[in-house]
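Me: I'd like to learn how to read a helix and its aromatic neighbours in a model. Could you walk me through it?

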Amino acid sequence: MHLARCNSRGTLDVLAADRVNAVLARKPHAALALPTGQTPVGLYALLSARAAAGAISFARTWLFNLDEYVGLAPDHPRSYGRFLGRHLLERVDVADKRVRLLRGDASDLAAECRSYDAAIAKVGGIDLAILGLGANGHIAFNEPGADSTAGTHVVALSAQTRAVHQRQAGGIAKLPRRGLTMGVRTLASAREILLLVAGTGKQRALQALLRGRATPRWPVTYLHDHPHLTVLSAP
Ligand code: GLP
């Protein structure tokens, strides 16, 4: 594991964007898994600016989102799909047919999960998984207790995660109780992982990762032995 403690979010954003540039320079048709949340907002702004300046291109890149709320279509205003659209997809030169967003509104969620895993497998797996971190150690929506062998699946969101998201969303009482998420198996099979740790309350989860013992109590610890894990942490 490579850990970089950054003095500021700005530094984290630049280092993260540089990793994306490096991966796409080596493999323009790479497959990326992309997070939602406050943490990657600066990264997405930088990537958008670089794309506008012609310094990076997503034209051949495969893009997947990590997770979604059950019940929300990718174009629902509060969906993770829309969040990614606003912050990145509409601001860079992605090809629509190379973007696969989880359908939280699918009538058959199990089939949607299988189809998502098949789409990831079809492009050869994830080259770079960019992850945020939940204060309870969750990665994507793999909450404490997560099965480390699962592919994409439906999860019940923890009370803690729902509380954080309700605060961020201005106290929306109708926040879904379930999510769809790439599983730990898929994330751990990514060729490279970039874990972004920023914001209050994340230090205990980061400490658990640094202790190096995999435990379902802190799902992020499942990544500890990954051969190409970079952790960028900022206040
Ligand atoms: C949500 C998402 C995660 C994200 C986490 C952290 O729970 N499902 O993928 O990493 O929030 O969000 P933030 O970056 O806003 O702290």
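Reply: Happy to. Let's begin with a term: a residue is buried when its relative accessible area is under 20%, exposed when over 50%, and partly exposed in between, using a 1.4 Å probe and protein chains only. By that rule, Tyr 80 and Phe 141 are both buried. This is a predicted model, where local features need pLDDT of at least 70, side-chain atom pairs count only at pLDDT 80 or more, and totals for chains, interfaces and linings use all residues. Residues are numbered from 1 along each chain as its sequence is written, and side-chain values use heavy atoms, with hydrogens and water left out.

Me: Which residues of α4 are buried?

Reply: An α-helix has 3.6 residues a turn, so residues three or four places apart point the same way. Helices (H or I, at least four residues) and strands (E, at least two) are DSSP runs, numbered from the N terminus. In α4, which covers residues 109-122, the buried ones are Leu 109, Glu 112, Cys 113, Tyr 116 and Ile 120. Viewed down the axis of α4, they fall within an arc of 100°, so they line one face of the helix; the arc is that of the directions from the helix axis to the C-beta atoms. Turned away from that buried side are the exposed residues Arg 114, Ala 121 and Lys 122.

Me: What do the buried residues of α4 pack against?

Reply: Contact means heavy atoms within 4.5 Å. The buried residues of α4 pack against β3 (62-65), β5 (99-100), β7 (153-156), β8 (178-181) and α6 (184-188).

Me: How many aromatic pairs does the structure hold, and how do I read one?

Reply: A pair of aromatic rings is described by the distance of the centres and the angle of the planes. Rings of Phe, Tyr and Trp (its six-membered ring) pair if their centres lie within 6.5 Å; planes under 30 degrees apart count as stacked, over 60 as edge-to-face and the rest as tilted. The structure holds four such pairs. In one of them, Phe 64 and Tyr 116 have ring centres 5.7 Å apart and planes at 85°, so the pair is edge-to-face. That pair links distant parts of the chain, with Phe 64 in strand β3 and Tyr 116 in helix α4, 52 residues apart. Tyr 80 and Phe 141 form a stacked pair, at 5.6 Å centre to centre and 25° between the planes. Together with Tyr 69, Tyr 80 and Phe 141 form one aromatic cluster.

Methods: Expected span 1.5 Å × (residues − 1).
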